[in-house]
Amino acid sequence: MIDIGIIGAMAPEVEELISLLGDHRTARVSGVDYHEGFLEGKHVVVAQCGIGKVYAATSCEAMILRYSPRLIVNTGVAGALAKGLVPGDTVIADRLCQHDMDTTPVGDPKGLISGTGKIYFDTDPRSVKILTEEAAMLGMRAQVGIIASGDQFIASREERDRIIREFSASACEMEGGAIAQTCYLNSTPCVVIRAISDSADGEASVDYPTFLVSAAKKSAALTRALVRRY
Ligand code: ADE
């Protein structure tokens with residue numbers, strides 16, 4: 001059994017963690033490489049799943065079925081929704097939702113995930129506590145809040161405001177909600193860590209490439225701290 005499974009969508013979000021693995025071995029499933037090894041004294045598996053909810057869910061499911069991790073961590077970057085968040089700040093999700101899930105025409109509340117009766121999936125409270133403490137020790141500005149996921153890069157004030165209004169989310173990205181749902185379906189604890197790369201508004205297309213790498217590294221550093229303490 002593996003201690004911790006780590007999933008990031010893109011190379012900058014996971015490549016440093018993969019490079020640090022001791023006793024590194026790789027297995028390929030459905031086009032995704034699962035990097036197994038030792039990090040901070042823990043037996044981990046790290047995968048770069050690709051962008052969006054389907055890649056996130058399929059690779060999370062494969063990771064759980066093949067490796068049975070005790071915890072899944074999703075690390076990466078996000079657009080800021082909460083006031084005061086700037087690039088490099090981190091958001092630790094205590095709950096996640098899917099802002100593009102909408103069966104309201106048949107009478108459901110916005111964001112309801114059919115079959116679960118839920119709009120929000122909780123993360124592992126112990127991991128949230130450890131991450132909050134470690135962020136402070138690393139001198140990172142961190143806030144705990146809701147992360148909203150969807151198959152859209154949010155880059156307009158209208159869409160940004162809609163997600164804040166409908167889901168009270170602090171940050172938006174494209175995988176965490178799918179990973180949280182998959183973990184819920186498998187009774188596997190999870191947590192999602194995101195560092196801010198942009199403000200999900202009209203400036204996002206310019207800010208995102210500027211801050212992607214530095215933000216991704218911050219989230220990975222916090223992930224590493226969690227692995228050490230977990
Ligand atoms: N990841 C980083 N920034 C994002 C944004 N603005 N929308 C969706 N995912 C993101």
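**Helix H6 and the cores**

Mentor: In helix H6, the buried residues are Ala204, Leu212, Ala215, Ala216, Ser219, Ala220, Leu222, Thr223, Ala225, Leu226 and Val227. Buried means under 20% relative accessible area, exposed over 50%, and partly exposed in between (1.4 Å probe, protein chains only). Helices (H or I, at least four residues) and strands (E, at least two) are DSSP runs, numbered from the N terminus. This is a predicted model: local features need pLDDT of at least 70, side-chain atom pairs count only at pLDDT 80 or more, and totals for chains, interfaces and linings use all residues. Residues are numbered from 1 along each chain as its sequence is written, and side-chain values use heavy atoms, with hydrogens and water left out.

Trainee: Where is the kink in helix H6 centred?

Mentor: A bend at a residue is the angle between axes fitted to the seven residues ending there and the seven starting there. In H6 (residues 204-229), a kink of about 55° is centred on Phe211.

Trainee: With which residues is Ser197 in contact?

Mentor: Contact means heavy atoms within 4.5 Å. Ser197, in strand E10, is buried, with a relative accessible area of 1%. Beyond its neighbours within four places in sequence, Ser197 touches Val77, Ala78, Pro87, Asp207, Tyr208, Phe211, Leu212 and Ala215.

Trainee: Which residues touch the most other members of the largest nonpolar core?

Mentor: Such a core is a set of buried Ala, Val, Leu, Ile, Met, Phe, Trp, Tyr and Cys residues joined through side-chain atoms within 4.5 Å. Here they are Tyr34, Met63 and Ile72, in a core of 40 residues. Helix H2 gives the most to this core, with 6 residues.
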